[in-house]
Amino acid sequence: MTRFLPKTAPWVAPVLVGVLVLLFAATQDSFYRLQLGTLSGIYAIAAIGLTLLFGAAGQISLGQAGLLGIAAFSTAYLTVDHGMGPVPAGIVAVAASTLVGLVLGWCALRITGHYLALVTLAFGLVFTELTRTVLPEGWYGVPPLAIGSLDLGDPQVFFVVVWAAVVLVLVGSSLLVRSRFGRSIAALRDDPVAASACGVDLARTKVAVFGIASALAGVSGWLFALYQGSVTETSFSFTLSFNLLIMVVIGGLGSPGGAVVGAVFLVLAPELGRRYEEYRLLSYGVILLLVLALLPGGLASIGRLVARPLRRRRDTPVEEPA
Amino acid sequence: MWRRLTAVLATAAVSLSLAACGGGGEGGDGSGETGPIRIGAILGISGRFAFVGEPQKQALELAQERINAAGGISGRQVEFVVYDDEVDETKSVPLANRLISEDKVVAIIGPSITVPALAIQPIVERAQVPNLTLTSKAIWEGKPDSYVFHTTPREEVEVKSVLDFVKDQLKVTKVGVIYDRQPYGTGNLAYLKQFAPEYGLQIVAEEGIENNDTNADAQVQRVRGAGAEAVVVWVGDPAASSVAKAIHQAGWTVPVIASSAIAGPRFAELAGPAAEGAYSNSTYDTAAPPPAQKEFLEAFQARYNSPPTQFAGFAYDSAYALKAAIEAAAGKTDGASIRQGLIDMPPLDGVVATYDFSAENHNGIPNGPLFYIVQIKNGAFQVVFDTRK
Amino acid sequence: MGGVDYPQVLATGLTYGVIFALIALGYHLIYVSSGMLNFALGEQLAVAGLVVLSLTSAGVPFVLAVLLAVLAGAAFGAGYERLALRPASRMGLIGPLIASVGVSIVIGQGRVLIWGPNPRPMDPFTGDPNQSVAFLGGRWQIQSFWVIGLAVLAATALLLFLRFTWYGRAWRATAQSPVGARLSGIDPSVVSMSAVATASALVTIGGIAIAPIVLAGAFYALDFGVRAFAAAIIGGFTSTTGVLVGGIVVGLLDVWLASALSAEWSDVVLYTGLALALLLRPRGLFGREGVSRA
Amino acid sequence: MSVEPVLAGRGLVRRFGGVTAVSDVDIDIRPGEVTLVLGPNGAGKSTLVNCLTGVDRPDSGRVLVAGEDVTGRRPDQFNRMGVVRTFQHTRPFGGLTVAENVMVGAHGRTKAGFVRGTLRTPGARREEAALRDQAEELLAQVGLPGRGGARPTDLPLADERRVEIARCLAAKPRVLLLDEPAAGLGEAEADALADLVRRLCAEYDLGVLLIEHHLELALGMADSVVVLDFGKVIARGTPEEIREDPAVRAAYVGTEEEA
């Protein structure tokens, strides 16, 4: 696992992002870029969850999109078929994906490393196949966000609401990473045996961090359903799981601020070369490889490029999958 | 500590500024009275439905060249801005917004497939940008002031032509259906089951398949087990050709009727000898095409040296429908004028049919029979029956 | 819903099963020699047929084209092991896993850019396309015999290499203790590179053999790749024969499920089975203890 | 002074396949005393420690903490009962600073969950501040004052061992099990470590179980000694008795000179 956790004060990244967001929202006339900004915010929330789970706690998940899907489909089902309000439906949706996340956490107790990666991948695939078989048409007509009668569906307003949520989650996760719980999940990642000897209940910690990551994935899925208005399984395929992973890796493992940067970068990067539209996915793959090879700390570590080289190159024997 | 602060600051600022300056590229306002008229298009060019989107993109390129060569629309050149949504509505929604607010297009053609087409409907209605949707499923909900128009035949038309052919020409009663598990297949399956009794036919088996599947042994085996005397295949390639191959390999001689999705050269190319004898629906009378169709078939063949599929025809007709609409609106290119232009324009003799929109009927193609039944004879589709007569 | 035509399930299931076995063998080789899990083999299989098609259309005779494709596949494997997987291993064992995801994206998108999105037909090695013969009560394509023959040939050659050559035995030991391997004169990084190269060669052979049946360059990279993971897990990553048997089992199971249930539900059942197999018996049927529960 | 043992093993047996790593071992660790377990490599010393701290489960026999049977409990439960340990190969948390490593040591006895930790409730903030102070204080005590901000992987081996001991002390333990703390250390560093352990043992009335095959150093520190060979106890007594015991000499022939 990467050895560095950025040590900026917890309030720095969130405030900074908040300022940039309001600036962006105010100046944006183009509805299109507002939408992309909203989408990157929605993915950022799930990416923060994944960076806590994978970056901070070392529990890999290749099926995170399935959790977003569960929340999005629950939201659509409750609002379209049962006329529930967007917010109450959201609460149920987030609860649903958190519950599934806790089950995945229970799986993480029995197996680790590669096998955990495969179980989460299998979960993601089961979700896509199941929804494609049972609900090929998905859902349409999901109402925009509204609290009671207050309609927050206007793109500019929704953009600010989503990014307010991002800032909130960013502050929370930055504080979490630095708290006692944050240290215990880092210990779990670095050396489970030593962590247990220090009094960390591995089972409860793993299930808890899976629960947090799934709750955030649920919020992301809920907001996605409200943003998109229509929900089908194509939006929650393994491609999204891989993209979330790429956001977390290029943002810098374990750094919530990095996850936000990774999400914004991945959603907005294609805007750079609009003419090279078809090279988009190819570039994601290449960027991932470059970052893995050159920048283990991810984009957030650019400031630390002169980081002290790892003095003791630990010749780690191939212990069982980390 | 400050080093890290600058790091996060730098990268976040860079990323967000990407958004600010990113798409600034094409300046100019497409809907102004001067400069080129920009018409947007969202097609499934890559991914699972490339066989639909690719020919449509080619058809629009051909239309742009021919319209501009003939003096453009009301004296202004036309430019088609074509985007690929890979048939994923997560992409079609932002692309629609990009066309409207960034590229300032006057109208949008497409998307080609049902799910993205439904997804962008609220966007075009809110932005009041006329949308000629290319999906066969009925998207227009009947509201006269809607901005959505169809330049494709309604699904029932093709279903009825298939059922009619099975009853009268093949003279069998038990039919097995292998359908695309996506809305394109499930929608038409529903129509098949609805109208089959009217033609005295019985649907004895329904087997779902994924458009990209390259093995259909299981589906064919189960349809055969159900006693089907004819197999209706409502899915695109490569799945359709896999069904033909599975039937051929199982040594089962049964008539196969596929939907117009595969009425093109690729089906025989993929299925090889297994394609021989398979029927399909086509909107082209390749033997004696009417004048507009003949000109398009020859121009497309010359430009891309491969015969156009019906999907290309719909896209080409949409381009000319918009041309006629703008001319009917005396060159005005705001959304409302074009919408009214589509309604007021004289009937358009298009490649596929004669288009006539009205406030009450946004389906350009009349509801009557339209298709020719075609059959693969030594590797190519030939017209064998005209459902119109 | 109609009885299951078991001879046909055998015919189709075996044909696909040996391909899953080949890929699973690739996963096994890489896992025992370097402890890494590689997601890219599925995409390498999907692109193999296209490479041969391009070579033959450029006038290269068929057999030479196949050899060149296999060598190119092996070289490509060694290349991305060195450039992508090895540098990423600084992040611990999960690094190469994510790097292999990156490689699979690059291969998949590269394939679409170079050869276009549409799959292409490929003639069987012998006999005319879609010709089928009756055998053991089922209808077999001529190409199926090529697929099974080539796969069995490649697998046995590898088994002999692993069991009876000094270097082969070393491969299996390197994952257990790289330090021990280094002491006995084996450089683990060379072993890891040659393992990925060999695995790439295996899946390229498989890709070329299966292309006439399932079209070259179609969208089955993930389906095949994940089914091969299921095979490797059922067989237990650490046992060579186990993964081969696992491949056949998954092949037969997949086709049987498709005809007994329906194609739609077979994927759901297969992936759920994969998850349960991982949870209940990660060592698989034949594997040795190598899984940590901590 | 037979005081009630704070940690005891009764008839402990642990087999790996055919090999009996630990067979029928009784051992008591009393507060304020250093109990030494001696034995050549492979005598089952590390397995014994693992059984006594929950990292491993004995096949038979019982583990008692202050008389209560806790056989088979998890290591984190042992930690909460005040039983902590170091490892033969140091196991630092590379992703955390030295101070944070020590703070994790106190995880067992602190309470702030992820909700209170995130919301920074007054209780959580007080606990956090107390943990930081304790970490600084313990680091000074183990001879690493002011090194809290460093990365454990950047420290020399001896200092990394000291951080691990500080991490153990953060749990305010009753028993400290040291698994070959002097391994790989130079003479001076080993002596300094020995003094530290004795001082901590007296200051906190700590029961210490010392696993070592560094003979001279260990005997100097120990109050009582148990000698293991092939998993069995072959001798028990004070350091002086053990020095002359013929059975020990036989098991240790030729290891006297070992540095």
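Visitor: In the helix α3(B), how many of its 14 residues are buried?
Guide: This is a predicted model, in which local features need pLDDT of at least 70, side-chain atom pairs count only at pLDDT 80 or more, and totals for chains, interfaces and linings use all residues. Residues are numbered from 1 along each chain as its sequence is written, with chains lettered from A and ligands numbered from 1 in the order in which they are written. A residue is buried if 20 or more other C-beta atoms, placed from the backbone, lie within 10 Å of its own. By that criterion α3(B) is mostly covered, and the number of buried residues is 13.

Visitor: What distance does helix α3 of chain B reach from its first C-alpha to its last?
Guide: Helices are DSSP runs (H or I, at least four residues), numbered from the N terminus. The expected span is 1.5 Å times one less than the number of residues. For residues 89-102 of chain B the expected value is 20 Å, and the helix comes close to it, at 19 Å.

Visitor: Which residue with positive phi follows α3(B)?
Guide: The phi in question is near 50°. The residue is Lys104(B).

Visitor: Which element gives the most residues to the side of chain A that touches chain C?
Guide: Contact requires C-beta atoms, placed from the backbone, within 7 Å. The contact takes 43 residues from chain A and 46 from chain C. Elements giving two or more residues to the chain A side include α4 (86-110) and α12 (280-294). The most, 13 residues, comes from α5(A).

Technical notes: Contact = placed C-beta atoms within 7 Å. Buried ≥ 20, exposed ≤ 12 C-beta atoms within 10 Å, placed from the backbone.
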